[in-house]
Amino acid sequence: YGLDRSYIRVLDAPLEALTAEDFDKTLESMALRRNNIESEMEYLREIEGEKEDIEDLGRELDELDALFAEVIDRKEAFDKAIKLEDEEN
């Protein structure tokens with residue numbers, strides 16, 4: 001397991017190179033991944049799977065939640081930049 005933040009373009013690309021759709025797609029993809037992890041954890045608990053596997057998924061979920069927060073912060077910065085640009089025009 002373990003997440004690689006490099007697949008999340010919106011965290012590293014310059015704001016001016018991004019669109020609202022980039023953020024929407026990223027957040028949608030992350031939400032789907034989060035749901036999949038939670039489902040897998042629930043399944044492992046139901047079948048009394050290995051505690052270590054469940055803990056690994058819990059760590060992955062924590063990492064994903066931290067990335068979610070970063071993406072949301074970055075989206076807020078993007079929204080502010082767009083608003084400022086619109087006000088200037």
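E38 is partly exposed, with 33% relative accessible area; here buried means under 20%, exposed over 50% and partly exposed in between, using a 1.4 Å probe and protein chains only. Before going further, a word on the model: it is predicted, so local features need pLDDT of at least 70 and side-chain atom pairs count only at pLDDT 80 or more, while totals for chains, interfaces and linings use all residues. Residues are numbered from 1 along each chain as its sequence is written, and side-chain values use heavy atoms, with hydrogens and water left out.

**Charged pairs**

Side chains of opposite charge can pair when their charged atoms come close. A salt bridge is counted when a side-chain nitrogen of Lys or Arg is within 4 Å of a carboxyl oxygen of Asp or Glu.

| Pair | N to O distance |
|---|---|
| R34 and E38 | 2.2 Å |
| R34 and D65 | 2.6 Å |
| K51 and E55 | 3.9 Å |

What separates R34 from E38 in helix α1? They are four residues apart there, which means about one helical turn. The helices themselves are DSSP runs numbered from the N terminus (H or I, at least four residues), just as strands are E runs of at least two. R34 is partly exposed, at 21% relative accessible area. Its partner D65 belongs to helix α2 while R34 belongs to α1, so this pair ties together parts that are 31 residues apart in sequence. D65 is partly exposed as well, with a value of 28%.

K51 and E55 sit within helix α2, four residues or about one turn apart. K51 is exposed at 61% relative accessibility, whereas E55 is partly exposed at 36%. Shared partners link R34, E38 and D65 into one salt-bridge network.

D62 also lies in helix α2, which covers residues 51-88, and is exposed at 54%.

**The nonpolar core**

Now for the inside. A nonpolar core is a set of buried Ala, Val, Leu, Ile, Met, Phe, Trp, Tyr and Cys residues joined through side-chain atoms within 4.5 Å. The largest one has 19 residues, and I8, M30 and V71 have the most contacts inside it. Helices α1 (20-46) and α2 each supply at least two of its residues, with the largest share, eight residues, coming from α2.

Which residues does V71 contact, leaving aside neighbours within four places in sequence? With contact meaning heavy atoms within 4.5 Å, V71 touches I8, V10, L11, F23, T26, L27 and M30.
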